[in-house]
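I opened the model today to look up a few points. My notes follow in the order I took them.

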Amino acid sequence: MRFKGLAAAALAALPLLAPPAAGQGTQLLYLAEDVPAGLDYDGPAVTVNTSQVGFINMMDTLVDYPIAGENDEGIRRLDFSRFEGRLAESWDYDAATLTWTFRLRQGVKSCAGNTFTADDVIYTLARGKSVSGTAPINWFLGSLASIAGFDRGVFTGGSRELGDAVEKVDDHTIRIRQSASNNLFLTVLTVYSMAPFDSVEMRKNATPEDPWSHTYANTVNAAGFGPYCLERWVKGDEFVLRANPDYYRGRPQIDRVVIKRVPQSANRALTLRSGQAQLTQRLTAREFEQLSRARGVRVAGIFGNETLLMGLNWRTPPFDNPKLRQAIALAMPLQQLSRIGYAGQARPWEAHFTEVLNGYVRPEAQYPQNLDRARQLLAEAGYPGGRGLEAFPDALRLSFTAERESYLGPLATAIQSALRDIGVPIQLDPLPQTQFADRRMVKKDLPMSLSDTEKPVGPDVVYATRLFFVSPQAGGVNNITNYSNPELDRLFGEAQTEPDPARRAPLVNQIQQIVQRDLAWIPLLETRTQWAFSDRLSGLTWHPDNSLRLFELRLAP
Amino acid sequence: MIGFVSRRLATALVQLVGLALVVFFAIRLLPADPVARLVGLNASRDAYLTAQRSLGLDRPVAEQFGSYLGVLPGSSGLLQGDFGRSWVTGDPVAQEIGRVLPITLELITVSFVLAFLVSVPLGMICAIRPGGAADRATFAYSLFAGSQPEFWWGLLFIFVFFAELGWAPAPLGRLDPMSTPPAVVTGFITVDSLLAGNMAAFRDGVHHLMLPVLTKVFVLSGPIVKMVRQNMVRVMASDYVLFAQASGLTPGRIARIALKNALAPALTLLGVLYGYILGGAVLIETVFSLGGIGSYAVRSVLAFDYPAIQAVVLVIAAVSLLVYLVLDLLHAALDPRLVG
Amino acid sequence: MSDAPAVEAALTARDLRDGAAAPVPDRLFRLGAATVALSLVLMVVGPWITPYDVGRPTDDIAVPPPSLAEVPGLLWAVLTGRPHEPVYWFGTDASGLDIFSRVLAAPRADVAIAVGANLVSLALGSLLGLLAGTARPWLAGLVMRLSDLVQAFPVFITGMILVTLAGRSPTTIVLTLALLYTPIYIRLTRAEVLTQRGRGFVDASRALGKREAWIALRHVLPNALVPAMIQASVTVGFAILMTAGLSFVGAGVRPPTPEWGLMIAAGADGIVQGEWWPSLFPGLAISITVFGYAAFGNGLERRHAR
């Protein structure tokens with residue numbers, strides 16, 4: 001009955017299909033929750049996934065990972081243990097002087113027609129170190145890679161000039177010096193916020209108040225050397241990219257990509273089903289399930305780095321109590337969460353890292369749902385049957401982002417119900433994204449939070465450790481639960497600097513055992529990164545930033 | 001007449017200034033921190049302070065208000081018609097509102113006119129024999145329609161006319177995603193497509209307006225029928241209608257005379273209603289994914305985008321006051337006793 | 001609709017003045033009264049009589065309600081206590097919550113918030129209205145100008161902004177709605193006070209040397225309250241609509257509170273795919289309840305005008 005109705009709807013929609021204008025070549029309509037809000041990767045929109053799609057496809061990095069084949073659903077994977085040149089052709093490293101030498105690709109043209117040179121790389125790093133943008137991600141990544149001078153000093157009166165950390169040897173050779181031995185260097189270079197700008201174009205749009213052209217980059221154009229150029233941008237509505245004919249890896253097969261804002265997932269699903277659009281993502285699990293049965297539509301996905309987790313703040317009593325954390329972990333209704341939020345397509349997350357990350361091992365400590373054991377641990381923690389927890393009404397509040405309430409709300413409800421079963425009463429507290437991010441990442445005072453946004457863009461266990469688990473004193477950056485363990489900090493330091501892979505592996509293993517034993521987080525589910533797309537479309541490849549590279553797509557006529 | 005108009009204008013202006021003042025300080029009193037969202041991933045204390053400075057939030061509140069109004073030397077503010085820049089997109093708020101407001105106004109104005117056209121005959125039927133069967137039935141209808149959750153009816157209409165029957169397009173916005181919108185002149189899709197001679201876009205635009213307008217007309221007809229009925233009953237009972245009846249005028253003639261006198265006072269109430277509808281447009285926009293001023297308001301509130309929030313409230317209030325004023329003047333023109 | 005209370009208020013005031021009040025049939029009035037009574041009863045007992053726990057997802061996700069043909073058999077099985085499969089009269093939603101239980105429990109949120117907001121604004125509005133009707137001109141003028149200012153705010157948007165920025169709790173919503181509805185009561189009470197002051201017994205009291213404030217409180221207020229109370233029975237309905245509307249756009253109570261608007265929002269995505277039940281039943285509940293309040297209030301108005 002329902003499907004009959006939908007078929008009728010699809011038929012009704014057909015006459016509305018705009019006829020493809022003659023001579024336009026291949027065009028892809030990509031439905032997204034939003035179009036890019038800003039294009040500066042050091043700007044306010046950088047953390048927004050829908051904005052990243054914009055600059056990621058308009059710029060290119062120095063290095064990236066090679067493609068390593070595809071999973072059984074046809075999604076291509078990358079090999080995170082090897083690197084491949086992009087704007088850099090080759091490189092070598094001198095351990096004695098901590099210096100990397102990159103030979104840059106010649107004859108690369110930007111959308112504006114400028115040629116790529118060493119000056120572009122230097123401009124980009126100098127701009128990053130100036131920390132002039134609202135979100136200095138380039139500087140932040142530079143500091144993760146230990147590029148000389150990229151440290152906290154820039155905020156405390158230290159130099160914001162690049163100095164001699166980067167040296168131009170000739171037009172197509174540069175040297176980058178590190179301040180310490182750091183294995184994450186190349187991993188960091190694959191991240192979007194390290195992509196070189198077209199410095200000629202950027203300088204043209206600089207103003208005395210804004211010498212690094214942040215306003216231009218954020219509101220007009222991300223001038224880079226990528227496969228696509230901006231054709232049209234109506235904020236909150238439509239974002240149109242046109243293939244860069246001079247792209248150095250060849251002209252993209254799809255000439256024009258229209259990214260259209262369709263905020264409601266149900267509407268994205270329907271439009272895709274009707275054949276009007278060719279690609280979309282971030283649907284609800286049930287919409288994906290229904291689309292997978294539709295004609296002309298494929299649904300495919302991969303277990304990448306997307307997860308669901310609950311953060312318990314280590315500084316907020318009673319969550320400083322390890323037994324209580326374990327009791328909570330053992331009470332989690334993982335199968336039910338998977339059914340409610342992911343149509344049963346998610347799998348219990350048995351670690352603090354996902355399987356695709358370079359260096360992953362499955363840790364020994366495991367917390368499968370066991371209510372008796374949970375109650376017992378709760379009693380051992382000093383709260384038999386939950387008695388004594390009434391002293392912490394403000395701590396027992398599970399927060400999540402209100403904007404995503406339709407999906408996180410039901411999950412939080414199931415968690416609330418499961419915790420009530422062992423005697424832990426909690427309230428739900430949806431907060432606007434803004435407030436949620438502020439309290440979780442800046443003030444770090446959210447007692448309990450439910451989130452699915454912890455996705456390390458550097459696909460490496462050591463990188464993720466630095467991001468999430470290392471204490472702030474030891475250089476941790478995004479440690480949302482205030483987790484702190486000196487032993488872990490030490491292991492991380494060794495793993496980051498140990499050049500010999502054979503001696504590094506046991507360190508990386510130990511890191512994973514420790515965070516899992518301590519329950520730095522309560523890992524809940526590993527979820528699939530999924531797309532629904534026309535069966536004429538192929539070449540989808542999973543990247544750690546979860547943005548598709550439009551260049552890699554092929555659209556059959 | 002000029003004195004009347006200028007008095008009304010002055011009152012409206014005072015109200016807007018009051019609104020600007022209240023909105024500005026009220027949102028700053030609420031327990032929310034707008035700086036945080038701009039700081040993002042790497043939020044050090046320094047980055048926080050930088051962002052705070054870039055928003056101008058480190059200055060004394062009075063100074064912020066001064067520059068918001070545009071009375072401080074060198075600042076551009078409300079007096080210059082400048083709402084400031086959005087903290088989210090960096091674009092001028094005035095420009096963003098110029099894009100979203102017509103979408104809402106188009107929907108509401110079309111619905112209003114249609115609802116009025118439907119409601120006047122209904123209200124008149126009621127008033128011909130107050131208390132009769134037709135009056136009671138119509139009145140029950142108006143009571144019902146006027147007390148309905150429009151967002152729910154919108155969803156029901158989507159279910160019936162889109163999911164089941166396939167007559168309406170997907171509730172995806174103002175136009176089909178693949179069609180090219182006409183060049184922006186007025187911002188009203190229907191008007192612009194006619195101006196551009198783009199009949200395909202016009203049909204598409206009307207097609208997409210169908211369900212939201214149906215929903216709005218349904219709920220709007222409630223209060224309007226009641227309004228027309230009440231005024232008609234009053235007029236029909238008045239001395240001059242009794243006199244007209246006594247003089248043997250045909251019921252049709254009498255109804256025409258009565259209608260004019262009944263509609264005049266209804267205009268003022270319509271003005272109030274229009275303002276309310278404009279402020280509540282967010283519900284219908286959410287249901288049909290229309291990117292109007294209501295959706296813009298939701299977006300701005302969730303992002304703590306203060307310049308945008310302030311502008312939304314002021315613009316909606318200003319448009320409401322303007323419509324109210326125009327209808328009031330119309331009323332005064334129909335009933336000159338008011339001007340005095 | 002959340003849009004209409006001011007228009008309603010204006011109409012009410014005028015109708016009471018000249019007796020053109022609504023022709024609410026007696027049957028409709030009684031139905032309205034019954035709905036109001038039922039909603040108030042459910043507000044108190046609703047959460048205690050639900051067949052399922054309103055916050056515990058069942059294992060059955062998005063189960064449609066039984067067809068009409070199955071209902072008698074199921075009802076019989078449930079009433080006679082025979083073993084049967086779990087019965088979800090209104091189906092379950094996408095997270096497995098029983099919709100019937102939640103619809104029953106929701107008046108504890110919707111009706112309580114609406115009634116609470118109206119009590120607060122009625123109290124505040126009638127006192128301020130009394131002040132505006134009896135105080136010195138400058139003070140009365142100030143009250144009325146402030147009331148004008150509040151009324152100049154776009155109601156729904158302002159409600160959304162206040163609730164989102166001040167935190168989504170029932171208290172915030174009650175206070176926000178109360179603030180927005182107070183001017184209606186100020187106007188109503190003031191108009192009534194001005195009328196009452198002209199009446200004989202006030203003059204008589206004055207002649208007896210009673211103090212102005214005492215006269216106002218003792219004689220004028222009780223009489224002025226009647227239209228305000230009638231207005232309240234209509235406005236409660238609109239407050240329910242507004243509460244649900246705010247939740248619908250994410251500016252209302254927090255999940256998993258059973259609340260009609262929140263439930264409609266949760267089902268909205270499914271509607272497009274033909275999954276009608278999660279949104280249908282809570283919407284029906286709002287539709288009937290608010291209509292009931294409107295019929296009751298308008299009926300009262302007519303009876304008062306007689």
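Before the sheet, one definition: I count two strands as paired if DSSP finds at least two bridges between them. The model is predicted, so I keep to local features with pLDDT of at least 70.

**Entry 1: the sheet in chain A**

I looked up strand 6 and strand 7 (residues 99–104) of chain A. They pair in the antiparallel sense, over six bridges. I picked out one bridge: A:D92 has A:T101 of strand 7 of chain A as its partner. Next I traced the sheet in chain A. It is open, has four strands in the order 6-7-9-8, and the pairing is antiparallel. Strand 6 (88–94) and strand 8 (166–170) of chain A are the edges, each pairing on one side only. From one strand to the next, the twist averages 20°.

**Entry 2: where chain B meets chain C**

How many residues does each chain bring to the contact? I found 57 residues from chain B and 52 residues from chain C. Several helices of chain B give two or more residues to this side, among them helix 1 (2–29), helix 9 (199–236) and helix 14 (306–334). Helix 11 of chain B gives the most, with eight residues. I then sorted the chain B side by class. It has 40 nonpolar, 12 polar and five charged residues.

**Entry 3: helix 6 of chain C**

I checked helix 6 (residues 137–152) of chain C. Its 16 residues reach 22 Å from first C-alpha to last, close to the 22 Å expected at 1.5 Å a residue. Which of its residues are buried? I noted C:V143, C:S147 and C:A152. These buried residues pack against helix 1 and helix 14 of chain B. Within chain C, they pack against helix 5 (107–134) and helix 8 (170–197).

**Entry 4: the transmembrane records**

I went to UniProt for the "transmembrane region" annotations. For chain C, the unreviewed entry lists several spans, including residues 28–49 and 276–296. In the model, residues 28–49 of chain C are 82% helix and 0% strand, with end C-alpha atoms 28 Å apart. Residues 276–296 of chain C are 95% helix and 0% strand, and their end C-alpha atoms lie 30 Å apart.

For chain B, the unreviewed entry includes residues 107–131 and 151–170 in its list. Residues 107–131 of chain B are 88% helix and 0% strand, with end C-alpha atoms 35 Å apart. Residues 151–170 of chain B are 70% helix and 0% strand, and their end C-alpha atoms are 16 Å apart.

Note on methods: Residues are numbered from 1 along each chain as its sequence is written. Chains are lettered from A and ligands numbered from 1 in the order in which they are written. This is a predicted model: local features need pLDDT of at least 70, side-chain atom pairs count only at pLDDT 80 or more; totals for chains, interfaces and linings use all residues. Two residues are in contact if their C-beta atoms, placed from the backbone, lie within 7 Å. Ala, Val, Leu, Ile, Met, Phe, Trp, Tyr, Cys and Pro count as nonpolar, Asp, Glu, Lys and Arg as charged, and the others, Gly among them, as polar. The expected span of a helix is 1.5 Å times one less than its number of residues. A residue is buried if 20 or more other C-beta atoms lie within 10 Å of its own, exposed if 12 or fewer, and partly exposed in between; C-beta atoms are placed from the backbone. Axes are lines fitted to C-alpha atoms, for helices over the stretch in contact, and angles run from 0 to 180 degrees between N-to-C directions. UniProt positions are given in the numbering used here, feature names are shortened, and annotations may be inferred rather than shown by experiment.
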